[in-house]
Amino acid sequence: MLNFDYSIPTKIFFGKGKIGVLPAEIKKYGSKILLVYGGGSIKRNGIYEDITKGLKDNSIDFWELSGVEPNPRITTVRKGIEICRKNNIDLVLAIGGGSSIDCAKVIAAGYYYEGDAWDIVKDARKISKVLPVASVLTLAATGSEMDIFGVITNMDTNEKIGVGHPDMIPRFSVLDPTYTFTVPRSQTAAGTADIMSHIMEAYFSSTKEAFLQDRMAEALLKTCINYGRKAMDEPENYEARANLMWASSLAINGLLSYGKHRNWVVHPMEHELSAYYDITHGVGLAILTPYWMKYILDDSTVDKFAEFGINVWNIDASKDKYDIANAAIDKTREYFNLLEIPSKLSEVGIKEDKLEEMARQSVRKGNIGSLKPIGYEGVLNIFKEAL
Ligand code: NZQ
Ligand code: ZN
């Protein structure tokens, strides 16, 4: 029985030139901000210049935390918290992809926490208050621009952990598709795979009566399939970039999962791959997904996979349902290959020796998955198949 509360409070400013709203939006929260960004892409493509000019013209004081790593580290979060405390920052503004936004969120939460920031990543209940966070998105992928989560890595302990708190959701996000024109081919592909995985984590649920959510999920998947490769081939195609950008936000902001049983499965597996091998999140997801699908395909799941095959991949509905399900899984793998993502973990440097350890870590909080939960044996089997 569908039964849920709805709240997605992030204000979205979507479209070319929307960065103009930034100074006025920031001023609603104060006049001292911390800019959080990555390794320099925003300086090369002019976004940094656009933004800082607007800040200076409007007498907004800003400090900077640059060099946020893809798979952002807790050490970088700690640096950001220190800058915020020293300068009484009013708002943390991330400029970038999921890594910068996630880092900004945990800085904002860590600001009010007296102990070490890693404590709040491990246990969100320790978060009591959060500085306002906002984002300027430059890469369509994680949906962090409109969700409550941050994913942080601790390289000392090989842990990559997602933390969520309602107050960590950005107060506003600027989504200008032209800001993603410079995203490299491989990151465009990985981002598309990540968006698709978020949709599938919600879609393959044990809740059967969420007809509306499932049709929306299918529409979003088709959007990714339609535009992912196109954006790689035509990086300045506004239509492609815009559709992917909006899909990234809608995939994970709650719309698709409200009322549905949630227990993600491919993500917890992938987070272990990133934690141990520092691989690109979307690449790990794309490799694992078809193996996971094959592993859980049986009489209890075949109807859902057939639905997926018919509605997303346009497979002939009159065929045998196992044939449809298997064809849908093959098409999913082929699409990720079309995005130039390999099919094997060994192709991204993953070795056999850590598979058991990573499988144990994947299920440290219990079985994973909603449509058909799996435990240690299942994860290990999928890792081995995917190697
Ligand atoms: O660091 P810079 O120089 O900015 O370069 C980045 C980085 O190298 C580059 N890039 C970003 N925008 C660009 C650009 N290059 C050229 N032009 C642009 N406009 O792309 C590279 C990757 O950036 P990153 O932010 O790491 O990518 P993504 O958005 O995929 O974020 C990945 C992180 O988010 C986490 C992942 O686990 C990973 O740590 N996730 C966060 C989620 C969330 N908050 O809800 C959910 C996801 O499932 C995911 O786990
Ligand atoms: Zn993801």
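Tutor: Before we start, helices here are DSSP runs of H or I with at least four residues, and strands are runs of E with at least two. Keep in mind too that this is a predicted model.

Student: Which helices each supply at least two residues of the lining of the second largest pocket?
Tutor: This pocket holds about 190 Å³ of space, and among its 13 lining residues Thr207, Lys208, Asp214, Lys304 and Glu307 lie nearest its centre. The helices that each give at least two residues to the lining are α8 (211–233) and α12 (302–313).

Student: How many residues of that lining are charged?
Tutor: Asp, Glu, Lys and Arg are the residues counted as charged. Beside 3 nonpolar and 4 polar residues in the lining of the second largest pocket, the number of charged ones is 6.

Student: Is Asn88 buried, partly exposed or exposed?
Tutor: Asn88 sits in the loop between α4 (74–87) and β4 (91–96), and its phi is positive, near 45 degrees, although the residue is not glycine. Most residues other than glycine have a negative phi. Because buried means under 20% relative accessible area and exposed means over 50%, Asn88, with its 48%, is partly exposed.

Student: Where is Asn158 found?
Tutor: Asn158, also not a glycine, has a positive phi of about 55 degrees, and with a relative accessible area of 26% it is partly exposed. Its place is the loop between β6 (149–154) and β7 (159–164).

Methods
Residues are numbered from 1 along each chain as its sequence is written. Chains are lettered from A and ligands numbered from 1 in the order in which they are written. This is a predicted model: local features need pLDDT of at least 70, side-chain atom pairs count only at pLDDT 80 or more; totals for chains, interfaces and linings use all residues. Side-chain values use heavy atoms; hydrogens and water are left out. On a 1 Å grid over the protein atoms alone, a cavity is a set of points where a 1.4 Å probe fits but cannot get out, and a pocket is an open set with protein on both sides within 12 Å along at least five of seven lines; lining residues have an atom within 4 Å of a point. Grid points are joined across faces, edges and corners, and a volume is the space filled by probe spheres set on the points. Buried means under 20% relative accessible area, exposed over 50%, partly exposed in between (1.4 Å probe, protein chains only).
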